[in-house]
Amino acid sequence: MIKCPKCTNKLITINYQNIEIDRCSQCEGIWFDAMEAEQLKKVKGSEKIDSGNYIEPEHFNHPQHQTKCPRCRGRMLQMLDIDQYSIWYKQCRRCRGIWLDAGEFRKFKQNFQAYNLTNLTKYIFRDRSSNNGDKLNV
Ligand SMILES: [Zn+2]
Ligand SMILES: [Zn+2]
């Protein structure tokens, strides 16, 4: 069992078109293992996995809030996906899993739909607490 990185409640495994994701039983945020979000984005109707009930505990997106990866306990970084919507999300720098708050997968899915993903995906690295040359290769 893995725990929600946001509210520490239990994550429940959901299988959608043979892709397994883990959704929080409480805040309904969704954990995607590496590339699962990209895979699901291409699956018709996959936005159904996202309840869209966005709940924001105040401390969670604070830059000082250190989130640990629910899979590997690695450090999570704040990432930004920009296109039609700006979505702040968290990605584990070790296993590359990502966390999307409830409602964000629906937006994520709509970003870059009409384009070649690899050319237009832009990530902005926002981690002012460390300055040791970490770069995310995209
Ligand atoms: Zn939660
Ligand atoms: Zn991880």
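User: Which residue in β5 does M76 stand opposite?
Analyst: In this predicted model, M76 stands opposite C92 in β5.

User: How many bridges do β4 and β5 pair over, and in which sense?
Analyst: Seven bridges, in the antiparallel sense.

User: And where does β4 sit in the sheet, what's the strand order?
Analyst: The sheet is open, has six strands and runs in the order β1-β2-β3-β6-β5-β4, with antiparallel pairing. β4 (76-82) is one of the edge strands, along with β1, and each of these pairs on one side only.

User: By how many degrees are neighbouring strands turned against each other?
Analyst: On average 30 degrees, with direction ignored.

User: What does the hairpin between them look like, and which residue has a positive phi?
Analyst: Two residues lie between the strands of the β1 and β2 hairpin, and Q17 takes a positive phi near 50 degrees.

User: How many residues lie between the strands in the hairpin of β2 and β3?
Analyst: Five, and there E28 has the positive phi, near 65 degrees. β2 and β3 also run antiparallel, joined by two bridges. R23 is set opposite I30 in β3.

User: Different topic. Which residues of the largest nonpolar core touch the most other members?
Analyst: I30, W31, F32, I98, W99 and L100, out of 22 residues in that core. Elements giving two or more residues to the core are β2 (19-24), β3 (30-32), α1 (36-41), β5 (86-92), β6 (98-100) and α2 (104-110).

User: Why would nonpolar residues gather like that?
Analyst: In soluble globular proteins, nonpolar side chains tend to be buried together.

User: Take L100. What does it touch, leaving out residues up to four places away in sequence?
Analyst: L100 touches G29, I30, Y89, F105 and F108. I30 is also among the core residues that touch the most other members.

User: What percentage of the chain is buried?
Analyst: Buried residues come to 27% of the 138 residues.

User: And of the contacts at least 6 apart in sequence, what share joins residues at least 24 apart?
Analyst: 48% of those contacts in the chain.

User: Last one: how many helices and strands, and in what pattern along the sequence?
Analyst: There are three helices and six strands. Along the sequence the pattern reads β-β-β-α-β-β-β-α-α.

Terms used
Residues are numbered from 1 along each chain as its sequence is written. Chains are lettered from A and ligands numbered from 1 in the order in which they are written. This is a predicted model: local features need pLDDT of at least 70, side-chain atom pairs count only at pLDDT 80 or more; totals for chains, interfaces and linings use all residues. A nonpolar core is a set of buried Ala, Val, Leu, Ile, Met, Phe, Trp, Tyr and Cys residues joined through C-beta atoms within 7 Å. A residue is buried if 20 or more other C-beta atoms lie within 10 Å of its own, exposed if 12 or fewer, and partly exposed in between; C-beta atoms are placed from the backbone. Helices (H or I, at least four residues) and strands (E, at least two) are DSSP runs, numbered from the N terminus. Two residues are in contact if their C-beta atoms, placed from the backbone, lie within 7 Å. Two strands pair if DSSP finds at least two bridges between them. Axes are lines fitted to C-alpha atoms, for helices over the stretch in contact, and angles run from 0 to 180 degrees between N-to-C directions.
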